[in-house]
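Q: Can you walk me through this one? I'd like to go by region and ask as we go.

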Amino acid sequence: RSTPKGSPTYRRLNSSRTPRREARSGAGGTQWFRSNRVVYWLLLITLWAYLGFYVQSRWAHGHKKEEFLGFNGGPRDKLVDAEQNTRRDLLTDDSLVAVNNITNKTQVHVDRKIDVILAKKGNGFTSRKKRSKRRRRNLPKVRDKLKAKTNTANSDAEGQELEILQKNSTFGLLVGPFGSLEDRVLEWSPEKRSGTCDRKGDFARLVWSRRLVLVFHELSMTGAPISMMELATELLSCGATVSAVVLSKKGGLMSELARRRIKVIEDRADLSFKTAMKADLVIAGSAVCASWIDQYIAHFPAGGSQIAWWIMENRREYFDRSKLVLHRVKMLIFLSELQSKQWLTWCQEENIKLRSQPALVPLAVNDELAFVAGFPCSLNTPSASSVKMLEKRQLLRDAARKEMGLTENDMLVISLSSINAGKGQLFLLESADLAMNEDPLQTGSEVKKSLDIRQDQSSLSVKHHLRGLHQKSRNLDVSSTNLRLFTSVNTTNAVSINGTHRRKMYDSKGAQEQALKILIGSVGSKSNKIPYVKEILSFLSQHAKLSESVLWTPATTHVASLYSAADVYVMNSQGLGETFGRVTVEAMAFGLPVLGTDGGGTKEIVEHNVTGLLHPMGHPGTRVLAENLRFLLKNPNARKQMGMEGRKMVERKYLKRHMYKRFVEVLTKCMRSK
């Protein structure tokens with residue numbers, strides 16, 4: 001205390017208490033930084049380099065020069081307005097999609113919110129020539145005019161088909177769609193679901209935070225595009241980043257992609273290639289994607305090692321258009337054993353050596369349909385259990401049949417597919433006409449002899465099958481009396497078909513026989529063939545009795561009401577048969593017996609005399625199909641039993657968990673490691 005405050009000793013002992021000293025020590029760091037200018041310039045150079053790399057990256061990855069950072073001398077607001085004006089309105093009314101199916105119209109709505117996420121489109125060409133500002137400004141208008149002409153032509157074709165179906169009542173009745181009916185009766189809508197991913201499963205663990213590109217060959221409401229759309233939805237719900245490349249906007253699924261928040265890349269060239277280069281895996285969903293794969297590999301030679309090609313066709317023409325790039329992709333994925341064997345045989349004939357062994361990933365019933373069908377799934381809640389959904393499905397059946405004008409005595413046979421010769425709708429109508437005809441089916445002795453042989457074999461196989469069912473199934477709602485009645489009625493049918501007397505319209509119990517009704521789906525689909533539709537309508541105009549029993553329904557994704565209202569499903573694909581038959585397993589999930597052609601994937605799915613009945617292809621199969629229709633028409637117990645066996649098969653093999661379990665193997669082998 002006696003030491004003066006200004007002395008050196010006092011300052012040394014009390015340096016921490018001196019404010020002036022503290023100020024000096026705080027300013028020392030700043031003074032050191034100012035004195036070392038090298039550090040200051042290194043920091044500036046680092047920031048400048050980072051900014052340069054950022055600008056170069058944004059510039060090189062497909063953004064328009066005139067849009068990026070407001071270049072080209074115009075304000076940013078004008079660029080945003082121009083970008084909004086060139087966007088197409090992709091949202092359409094579900095009723096217009098189902099009835100008219102005109103979804104490619106390009107409308108200009110600046111203030112309307114677009115739900116689908118569109119990547120910015122590039123120039124559309126890879127030319128390096130500079131266009132003038134006037135040509136660049138007028139280019140969107142020219143494209144809009146060309147697209148409008150194309151859409152007008154497509155609309156005229158669709159309108160022609162609808163006009164043919166509606167201008168004469170003798171062609172049948174147009175019913176549906178039933179989307180609003182489903183939402184009202186089931187008190188549930190697919191729009192409300194946020195995802196059905198099993199977060200604890202291996203599939204979710206593999207795709208979490210991964211980037212995938214899915215290549216659609218078109219957007220029609222057929223098996224391949226719908227399967228790819230559902231795969232994209234599942235990937236999104238599991239935490240993956242998904243981009244869709246659409247090679248053709250043909251079809252009505254664009255609004256559905258928008259509802260599911262699936263990002264669609266408009267550009268099919270440079271932008272899609274750059275997006276695929278940064279992806280962990282590219283999944284192409286059709287053999288038609290061969291041209292895109294070829295161009296992508298030419299643009300990025302190492303890109304083939306990250307492509308899994310999910311081929312869903314089984315005709316030679318598709319193999320011929322894809323054989324040049326089959327050996328360049330990482331893995332081929334097929335739907336059925338027969339399809340895999342067929343393509344491998346073609347590869348051997350052409351001396352094509354694949355990079356790896358193909359994988360099998362059959363299609364499955366999605367959770368939305370499984371939920372309505374009454375299977376336990378991720379959409380079940382305490383208020384919407386599987387038992388509760390079975391009750392609601394019965395209500396949906398009654399409501400849909402009432403809207404169709406059907407009674408309990410009507411057996412509704414449905415066939416939901418695009419209307420073309422490969423699907424065999426005309427053969428189905430010929431068989432239905434034979435089944436409803438009271439006269440004997442055969443007049444020639446050779447045909448009669450062959451049919452007698454088949455009937456004897458069919459009766460014997462049914463007897464053996466029923467005996468086995470009676471021994472092994474205790475919980476089936478079919479008693480031994482019903483089994484004996486089932487066998488005796490089948491034998492009676494064989495005698496009445498091959499006899500010379502007229503068939504009576506009463507079954508063995510004396511009750512009035514059910515009436516046959518045929519429902520043909522996908523009116524207005526982009527995959528329909530107008531000449532084939534005209535051929536069908538010409539056939540109906542010559543068979544007035546048959547035309548009274550024919551119903552038509554528009555192309556739609558709301559098919560739960562159709563399956564619920566139906567009693568039998570027909571898969572009548574011709575040629576090599578159906579590749580797999582997604583609708584086949586969906587119908588089996590709803591407890592419908594399937595009458596299918598004896599070939600392709602249908603032969604693998606449908607077990608003859610157990611889950612359905614098989615018949616030959618072509619004209620020889622029409623008479624056999626007529627027999628099968630008449631047999632199920634007279635035997636409701638047989639329909640019920642086959643439907644129950646079909647549901648059991650779906651529960652064992654064809655639910656969503658089975659398909660994604662197989663996908664895990666594909667992802668493990670093909671996906672780029674982190």
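Q: Let's start in the sheet. Which residue in β11 does Leu-173 stand opposite?
A: Leu-551 in β11 stands opposite Leu-173. Keep in mind that this is a predicted model.

Q: How do β1 and β11 pair, parallel or antiparallel?
A: They pair in the parallel sense, over two bridges. β11 covers residues 550-554.

Q: And what order do the strands of the open sheet have?
A: The order is β1-β11-β10-β9-β12-β13-β14. That makes seven strands, with parallel pairing.

Q: Which are the edge strands?
A: β1 and β14. Each of them pairs on one side only.

Q: What holds strands together in general?
A: Strands of a sheet pair through backbone hydrogen bonds, either parallel or antiparallel.

Q: Moving on past β1. Where is Pro-177 found?
A: Pro-177 is in the loop between β1, residues 173-174, and α7.

Q: What kind of peptide bond joins Gly-176 and Pro-177?
A: A cis one, with omega at about 0°.

Q: Then α7. Where does Leu-186 fall?
A: Leu-186 is in helix α7, which spans residues 179-186.

Q: Is Leu-186 buried or exposed?
A: Buried, at a relative accessible area of 2%.

Q: What does Leu-186 touch, beyond residues up to four places away in sequence?
A: Val-372, Met-389, Lys-392 and Leu-396.

Q: Switching to α17. How many residues does α17 have, and what does it reach end to end?
A: α17 runs over residues 425-436, so 12 residues. From first C-alpha to last it reaches 17 Å, close to the 16 Å expected at 1.5 Å a residue.

Q: How many residues of α17 are buried?
A: 11 of the 12, so the helix is largely enclosed by the rest of the structure. The buried residues include Gln-425, Phe-427, Glu-430 and Met-436.

Q: What about Gly-424? Where is it found?
A: In the loop between β9, residues 410-415, and α17. Gly-424 is buried too, with a relative accessible area of 1%.

Q: What is Gly-424 in contact with, leaving aside neighbours within four places in sequence?
A: Tyr-532, Asn-572 and Gln-574. Gly-424 and Val-570 are 9.8 Å apart in space, C-alpha to C-alpha, and 146 residues apart in sequence.

Q: Is Asn-351 buried or exposed?
A: Exposed, with a relative accessible area of 67%.

Q: And Asn-609? What is its phi near?
A: Near 65°, a positive value in a residue other than glycine. Asn-609 is in the loop between α24 (600-605) and β14 (612-615).

Q: Does Asn-609 count as buried or exposed?
A: Buried, at 7% relative accessibility.

Q: Now aromatics. How many aromatic pairs does the structure hold?
A: It holds 14. One of them is Trp-292 with Tyr-296, which is stacked at 5.2 Å centre to centre and 10° between the planes.

Q: Why are Trp-292 and Tyr-296 separated by about one helical turn?
A: Because they are four residues apart in helix α12, residues 290-299.

Q: Which residues form an aromatic cluster?
A: Phe-203, Trp-310, Tyr-660 and Phe-663 form one.

Q: Last topic, the annotation. Which residues does UniProt list as "transmembrane region"?
A: Residues 38-55, and the entry is unreviewed.

Q: What does the model show for residues 38-55, helix or strand?
A: The span is 100% helix and 0% strand. Its end C-alpha atoms lie 26 Å apart.

Methods. Residues numbered from 1 in each chain as written. Predicted model: local features only at pLDDT ≥ 70, side-chain atom pairs only at ≥ 80, totals over all residues. Heavy atoms only, no water. Buried < 20%, exposed > 50% of the residue type's maximum accessible area, 1.4 Å probe, protein only. Contact = heavy atoms within 4.5 Å. UniProt positions renumbered as here; feature names shortened; annotations may be inferred. Expected span 1.5 Å × (residues − 1). Pairing = 2+ DSSP bridges. Phe/Tyr/Trp six-rings, centres within 6.5 Å; stacked < 30°, edge-to-face > 60°.
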